[in-house]
Amino acid sequence: MTDELESAAFYKTLLESTHAIPWKIDWESMRFAYIGPQIEKLLGWSADSWCSANDWAERMHPEDRDWVVNFCISQSKEGVDHEADYRALCADGSYLWIRDVVHVVRNEAGAVDSLVGFMFDISERKKIEDKLVHLQQELEELSFKDGLTGVANRRMLDSVLDKQWSHARRSSQPLTVIIFDIDYFKQYNDHFGHIQGDDCLRQVARTLSQGVTRHNDFFARYGGEEFMLILPETDAAAAAKVAERCRSLIFKLQLPHPISPASPVVTVSQGVGTITPQPSDSLKAFIDAVDKNLYRAKQSGRNKIVNG
């Protein structure tokens, strides 16, 4: 008997010296038969305040409580060992992330007798996980963002264009695309240098992006000094108004361009196209047609809008 007592005392000391918090709940009464005294240091609640499973449930974040309790009860009834992560309420009103690892103990008849397990403080791990998720989101955003101008890049543009083309074809709605080209930008770069040229690109991109007035309008850098505006469910008449507003916004910038044959300030030429795509239509052919409209705008003196 002495050996058994010494052995029990040894294991109790061992359990209570770990960072993991051991516990045991009697299944029939749903009362704590034991919980490690470390719980007070971690959450602020004394061990003797953990009387029943209800105390465990009540000391849980309201947003986590229902699913955690329901999950743990259902798994326990099935006799399945399980684990759950949730935010536990501290005595001071704050919350800590806890992982509960649960083992279901059965009696000789095979019925659930008790639940035993360990609580682990995973707050630091959660902070790291949250940082990694945030970093991943930032990396995804950067992968679709043009590094110079900060607007969407060609990769994102191609993806959105494909989706809007498919949507327009399914819904039999018009789709408008405007391609912008900064007039005589090479000459601007030659005159002012690439640093100021890059700044000009940023200002033009920021200004043209103001042409996006609805949540599903989309603006991106198309390449070099070219940009594209996608306007779903926009007919030719509405597209002409948007194009003129964009032309006016660029003019109001009043960025000097002393060697431009088109204007003493920076201007843009625009190719505009509107289509309600049919099954036989091709997205590539449509964009080629818009690009030809842009070419015509440039050939006719620049600072022009050509809508095919």
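## Before we start

Residues are numbered from 1 along each chain as its sequence is written. Because the model is predicted, local features need pLDDT of at least 70 and side-chain atom pairs count only at pLDDT 80 or more, while totals for chains, interfaces and linings use all residues; side-chain values use heavy atoms, with hydrogens and water left out.

## Salt bridges in this model

Side chains of opposite charge can pair when their charged atoms come close. Here a salt bridge means a side-chain nitrogen of Lys or Arg within 4 Å of a carboxyl oxygen of Asp or Glu. The structure holds 13 of them, and a few are worth a visit.

## A pair across a hairpin

Let's begin with Asp85 and Arg99, whose salt bridge brings the closest N and O atoms to 2.6 Å apart. This pair links distant parts of the chain: Asp85 belongs to strand β3 (residues 82-89) and Arg99 to strand β4 (residues 95-106), 14 residues apart. Helices (H or I, at least four residues) and strands (E, at least two) are DSSP runs, numbered from the N terminus. Both Asp85 and Arg99 are buried, where buried means under 20% relative accessible area, exposed over 50%, and partly exposed in between (1.4 Å probe, protein chains only).

Strands β3 and β4 run antiparallel and are joined by eight bridges; two strands pair if DSSP finds at least two bridges between them. Arg99 is also the bridge partner of Asp85 in β4. The two strands form a hairpin with five residues between them, and Gly93 in the turn has a positive phi of about 95°. β3 itself is mostly covered, with seven of its eight residues buried.

## A pair along a helix

Next come Glu124 and Lys127, which meet in a salt bridge at 3.4 Å, N to O. Both residues lie in helix α5 (residues 123-143), three residues apart, about one turn of the helix. Glu124 counts as exposed because its relative accessibility is 52%, while Lys127, at 46%, counts as partly exposed.

Asp146 and Arg221 are joined by a salt bridge of 3.2 Å, N to O. The pair links distant parts of the chain, 75 residues apart: Asp146 sits in the loop between α5 and α6 (154-171), and Arg221 in strand β7 (residues 218-223). Asp146 and Arg221 are both buried.
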